[in-house]
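Please consider the structure shown below.

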Amino acid sequence: MRRASWITLLATVVLSSFTGSAQKVEEWWPQFRGPNSSGLGGGRPPVHFGPGQKVRWKMAVGSGLSSPSVWGGRIFLTEFDRTNKQLATLCIDRRTGKVLWRRTVTAEAIEKVHEIGSPAASTPATDGERVYVYFGSYGLVCYDLDGNLKWERRLPIPENPYGAVASPIVAGDLVVLNHQGRDAYLLAINRRNGRTVWKTDRSLFQYGWSTPVHWRHDGIDEVVVLGGDFKPNQRLMAYNLSDGAERWWVGGLPPCGKSTPVIGDGLLFLAAPDIILEPVAEKSNPERAAQIYANNAARVMAVRPGSTGELSQANIAWSERKGVPGVPSPLYYNGRLYTFKDGGLVFCRVAETGELLYSERMGALGYYYSSPVAADNKVYIASADGVVVVLDAGEELKILATNKLDGAILATPAIVEGNIYVRTESHLYAFGN
């Protein structure tokens with residue numbers, strides 16, 4: 001594409017995303033889980049793929065759990081160099097898989113993370129003009145698309161037992177971050193100069209892990225965050241995008257909310273798990289684990305927007321206790337809601353009513369940390385064992401493919417223009433027809 005055409009296209013997409021027009025950025029995958037964390041991509045990605053099948057390119061990547069974000073001909077990713085204690089942002093050519101640039105920052109101290117976690121866990125966000133990256137050990141960093149540093153904001157280490165995993169989002173002219181830890185707050189920064197626009201205290205939800213979602217309804221722009229802590233009575237909170245003021249909330253939720261809510265058909269869907277034992281504890285005492293899980297207060301629910309204060313029961317469209325994922329976010333697609341649990345269990349519901357259409361095993365065991373994504377009437381879900389299952393997005397379970405890759409998958413894939421980008425523990429793959 002000629003340079004003039006590219007600039008025109010870029011300007012059109014950027015302006016439409018900021019002015020709140022009906023046009024959606026379906027071409028690109030600008031943040032964690034794509035457009036507004038929906039998990040929905042475009043084109044016709046392959047159904048059958050693997051290390052020797054439908055590979056457009058494959059490149060080695062360093063340690064990290066961030067998911068790829070995509071804009072135009074660029075892919076953004078982060079890495080952690082354990083030897084040199086450096087945190088890196090990568091810009092990758094989407095056509096060839098070659099690194100266009102790599103920029104590093106060095107933190108005074110590296111945050112403590114879970115044994116399967118990483119100091120490079122947050123997914124970069126981009127608006128097509130700049131890329132915004134968050135490291136719990138360092139803070140927020142902004143580069144232009146050529147890798148030139150525009151601004152940075154050093155932030156204190158959040159002291160989160162799992163590590164900082166929530167990703168920044170771009171909402172209008174703001175970069176919004178859920179800073180999660182002992183000093184917990186929601187932070188909105190001017191995307192152009194890095195200055196604080198507002199900062200809202202979230203000390204009641206010290207150890208949240210949820211990436212915020214931008215919800216525009218009834219002429220109002222809100223930022224919604226699922227609370228997460230080790231204490232009961234957590235909340236789903238909605239804040240005014242313009243000033244960070246609390247607007248409404250859903251109370252009485254169980255602890256350990258890790259996933260990001262998803263929006264569809266005027267409803268917001270959330271998954272709030274209860275205590276989840278470590279794999280070692282589950283295996284050492286399976287009877288105790290079964291008893292804890294049988295009595296927990298986990299739930300998946302659909303919420304109608306409120307005005308102010310705690311929502312009444314009338315705002316809860318439905319709430320169910322079965323099929324609550326531990327980590328993966330829900331997927332809303334074609335009027336249905338999909339959730340995935342460890343062990344390879346999939347639950348499919350009518351999104352409007354919560355009616356369970358099916359709950360079955362997919363044949364891919366193991367743990368699930370990656371969130372589901374969808375395109376072309378197909379749902380893609382990756383397991384920690386490195387298996388990507390492809391499902392038909394219909395009312396009955398139809399397994400279209402079980403694709404085994406050569407490494408663990410904890411990051412969420414990206415789908416752009418019929419290509420699917422999958423990060424394993426050691427490589428980034430681009431698969432396409």
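**Ser210 and its surroundings**

Ser210 touches Ala166, Asn178, Gln180, Val225, Leu226, Gly257, Lys258, Ser259, Thr260 and Pro261, leaving aside residues up to four places away in sequence; contact here means heavy atoms within 4.5 Å. This is a predicted model, in which local features need pLDDT of at least 70 and side-chain atom pairs count only at pLDDT 80 or more, while totals for chains, interfaces and linings use all residues. Residues are numbered from 1 along each chain as its sequence is written, and side-chain values use heavy atoms, with hydrogens and water left out.

- Ser210 sits in the loop that links strand E13 (196-201) to strand E14 (213-217); strands (E, at least two residues) are DSSP runs numbered from the N terminus.
- Ser210 counts as buried because its relative accessibility is 0%, the cut-off being under 20% relative accessible area with a 1.4 Å probe and protein chains only.
- A polar atom of the Ser210 side chain lies 2.9 Å from the backbone oxygen of Ser259.

**Open sheet E10 to E13**

- An open sheet is formed by four strands in the order E10-E11-E12-E13, with antiparallel pairing; two strands pair if DSSP finds at least two bridges between them.
- Strand E10 (169-171) and E13 are the edge strands, each pairing on one side only.
- On average, neighbouring strands of this sheet are turned by 25° against each other, direction ignored; the axes are lines fitted to C-alpha atoms.
- E10 and strand E11 (residues 174-179) run antiparallel and are joined by three bridges, and Val170 stands opposite Val175 in E11.

**Strand E17 and its partners**

- Strand E16 (residues 234-240) and strand E17 (residues 246-253) run antiparallel, joined by five bridges.
- Tyr239 has Glu246 in E17 as its bridge partner.
- The hairpin of E16 and E17 has five residues between the strands, and Gly244 takes a positive phi near 80° there.
- E17 also runs parallel to strand E21 (residues 309-310), with two bridges between them; Trp248 stands opposite Gly309 in E21.

**Nonpolar cores**

- The largest nonpolar core has 33 residues, of which Phe49, Trp57, Ile92, Tyr380, Leu405, Tyr421 and Leu428 touch the most other members; such a core is a set of buried Ala, Val, Leu, Ile, Met, Phe, Trp, Tyr and Cys residues joined through side-chain atoms within 4.5 Å.
- Strand E33 (residues 427-432) gives the most to this core, contributing four residues.
- A second, separate core of 18 residues includes Cys348, Tyr358, Met362 and Val389.

Technical notes. Buried < 20%, exposed > 50% of the residue type's maximum accessible area, 1.4 Å probe, protein only. Polar contact = N/O pair within 3.5 Å; in protein donor to acceptor, adjacent residues only side chain to side chain. Axes fitted to C-alpha atoms, helices over the stretch in contact; angles between N-to-C directions.
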